[in-house]
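Visitor: I would like to learn how to read a structure. Where do we begin?

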Amino acid sequence: MTITPVRDDCIFCRIVAGTARSHPVWEDPDTLAFMDLAPLATGHVLVIPKPHWENVFETPAPALGAVMDTVKRVAHAIRTTIAPPGLGVYQVNGRAAGQTVFHYHVHLIPRHGGVSLDLHGRRRADRDELDRVASLIRSGLDAPGG
Ligand code: 5GP
Ligand code: ZN
């Protein structure tokens, strides 16, 4: 296991350090997957990088990749074991997006038909506007990595 800085004020750092209780699903040198304490559905799992980074902007790309490897591994395990009709993979950044724990994490949430999560717009956008926004975002693309 790699040595990682622990922030005493961060519940996920304390889970990594073993000073707070958790229900682990997977651990490797870079990531940890454990059950969400307030699950939105049976099998709701969180995947985190062990070091403390607040959000997608701060987390280096290789660490995001390591998290995604674990997301895929655990997603397959959820499908094999719980077999929900759908599986949501969600991640939010910033209070305005609904983030409440400020240590980067990805949610894996088994999804069942007919339950709205409100992540989808209700109105189809204007295609010219979509072109404009896509071009705007492309103009801000940096070199890959981070
Ligand atoms: P966010 O809203 O930041 O995307 O998600 C934070 C998640 O962390 C929530 O789903 C919440 O239930 C979960 N959570 C908060 N505190 C704890 C804890 O102490 N242990 C575990 N396992 N999950 C927690
Ligand atoms: Zn932390």
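Guide: Begin with burial: a residue is buried under 20% relative accessible area, exposed over 50% and partly exposed in between, using a 1.4 Å probe and protein chains only. This is a predicted model, where local features need pLDDT of at least 70, side-chain atom pairs count only at pLDDT 80 or more, and totals for chains, interfaces and linings use all residues. Residues are numbered from 1 along each chain as written, chains are lettered from A and ligands numbered from 1 in the order written, and side-chain values use heavy atoms, without hydrogens and water.

Visitor: Is Cys 13 buried or exposed?

Guide: Cys 13 is buried because its relative accessibility is 1%. Cys 10 is buried too, at 6%.

Visitor: Which protein atoms are donors of the zinc ion (ligand 2)?

Guide: Donors are N, O and S atoms within 2.8 Å of the metal (3.2 Å for Na, K and Ca); water is not among the atoms, so sites may look incomplete. Here they are Cys 10 (SG), Cys 13 (SG), His 52 (ND1) and His 103 (ND1), 2.0 to 2.3 Å from the zinc ion. Their spacing along the chain is C-x2-C-x38-H-x50-H.

Visitor: Which polar contacts does ligand 1 have with Met 35 and His 105?

Guide: A polar contact is a pair of N or O atoms within 3.5 Å; within protein, one must be able to donate a hydrogen and the other to accept it, and residues adjacent in sequence count only if both atoms are side-chain atoms. A polar backbone atom of Met 35 is 2.8 Å from a nitrogen atom of ligand 1. For His 105, a polar side-chain atom lies 2.8 Å from an oxygen atom of ligand 1.
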